[in-house]
Every structure is written in structure tokens, then in C-alpha cells.
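User: Could you take me through this model? I would like to begin with confidence and then turn to the side-chain contacts.
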Amino acid sequence: MAVDRLTSTFAALADPTRRAILAHLAEGEATVNELAEPFSISLQAVSKHLKVLERAGLVTRGRSAQLRPSRLEGAPLKDAADWLGTYRGFWQGSFDRLDERLQGTDSD
């Protein structure tokens, strides 16, 4: 069974370490060593996380001399945000109904 891009994106985002790596990369490209600094995990573990992010299209790795800096790719995140945005009306309606209910109990 083929996995679509949105599924790969959400699977990659499911891990808090990978989300932290993406947050770091949102500030600019970084090497594996730089990305590993805040974590108490091995460089190999960070590399595995980067491979998951690469397969999901969230990260690309370049080559600069002997370094392979990683950089954030925004398109898959935009696709995920767009998909979630289709439910904005549902959430807003739910919050509005909750607000109406809470306002009704305050006036009793």
C-alpha cells in the first residue's frame, strides 16, 4: 500500500524529538552535531530522525565541504496546515456553542 505525503508528514510529526528538530531548523540550516546538542541521544539516533524527516519531505540535506547541513522544507507543513484548516469551521462552531452555553450559565 502506498503512503500518501500527508500521512508521511503526520507520521514524522508524531515524534516530539522530530518536532524539536524541525523547530531548530526553522531558525536556519544545521548539521547533525548542532541538531544533537540539546538531546541526550546519540548522533546515530538524530541521524535516524533526520532520515524519517527526509522521507516525509520535511527536510533536505545539502553538502558543504565535509558537512551535510539539513534544512527545513515548508511545503509538506503547508499541506498539513491546509488539511487541518478544512476543519476550522467545525472547531469554531464548537467553541461558539460552548461560549454560548457558558454565557447562559453565567446569567442564571
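Analyst: pLDDT is the predictor's confidence in each residue, from 0 to 100. In the protein chain, its mean is lowest in helix α6 (residues 88-106), at 81, and highest in α2, at 97. Helices (H or I, at least four residues) and strands (E, at least two) are DSSP runs, numbered from the N terminus.

User: What is the mean pLDDT of the protein chain?
Analyst: The mean is 89, and 92% of the residues reach 70 or more. Where pLDDT is low, the predicted coordinates should not be read in detail.

User: What should I know about the numbering and the values?
Analyst: This is a predicted model, in which local features need pLDDT of at least 70 and side-chain atom pairs count only at pLDDT 80 or more, while totals for chains, interfaces and linings use all residues. Residues are numbered from 1 along each chain as its sequence is written, and side-chain values use heavy atoms, with hydrogens and water left out.

User: How many salt bridges does the structure hold?
Analyst: There are three salt bridges; the term denotes a side-chain nitrogen of Lys or Arg within 4 Å of a carboxyl oxygen of Asp or Glu. One of them joins the side chains of Arg5 and Asp79, at 3.3 Å from N to O. Arg5 belongs to helix α1 (residues 5-13) and Asp79 to helix α5 (residues 75-85), so this pair ties together parts that are 74 residues apart in sequence.

User: Which residue forms a salt bridge with Arg71?
Analyst: Arg71 is paired with Glu29, and their closest N and O atoms are 3.0 Å apart. This pair also links distant parts of the chain, as Arg71 is in strand β2 (residues 70-72) and Glu29 in the loop between α2 (16-25) and α3 (32-36), 42 residues apart. Arg71 counts as partly exposed at 31% relative accessibility, as does Glu29 at 45%.

User: And where do Asp82 and Lys78 lie?
Analyst: Both are in helix α5, four residues apart, about one turn of the helix. Asp82 is partly exposed, with a relative accessible area of 41%.

User: Changing topic: how many aromatic pairs are there?
Analyst: The structure holds two aromatic pairs. Rings of Phe, Tyr and Trp (its six-membered ring) pair if their centres lie within 6.5 Å; planes under 30 degrees apart count as stacked, over 60 as edge-to-face and the rest as tilted. For Phe10 and Trp83, the ring centres are 5.7 Å apart and the planes stand at 65°, so the pair is edge-to-face. Phe10 is in helix α1 and Trp83 in helix α5, 73 residues apart.

User: Which residues form the aromatic cluster?
Analyst: Phe10, Trp83 and Tyr87 form one cluster. Phe10 is partly exposed at 32% relative accessibility, and Trp83 is partly exposed at 38%.

User: Lastly, is His49 buried or exposed?
Analyst: His49, which lies in helix α4 (residues 43-55), counts as buried at 13% relative accessibility. Not counting residues up to four places away in sequence, His49 touches Asp15, Thr17, Arg18, Ile21 and Ile41, where contact means heavy atoms within 4.5 Å. His49 and Arg18 are 31 residues apart in sequence and 6.1 Å apart in space, C-alpha to C-alpha.

Terms used
Buried means under 20% relative accessible area, exposed over 50%, partly exposed in between (1.4 Å probe, protein chains only).
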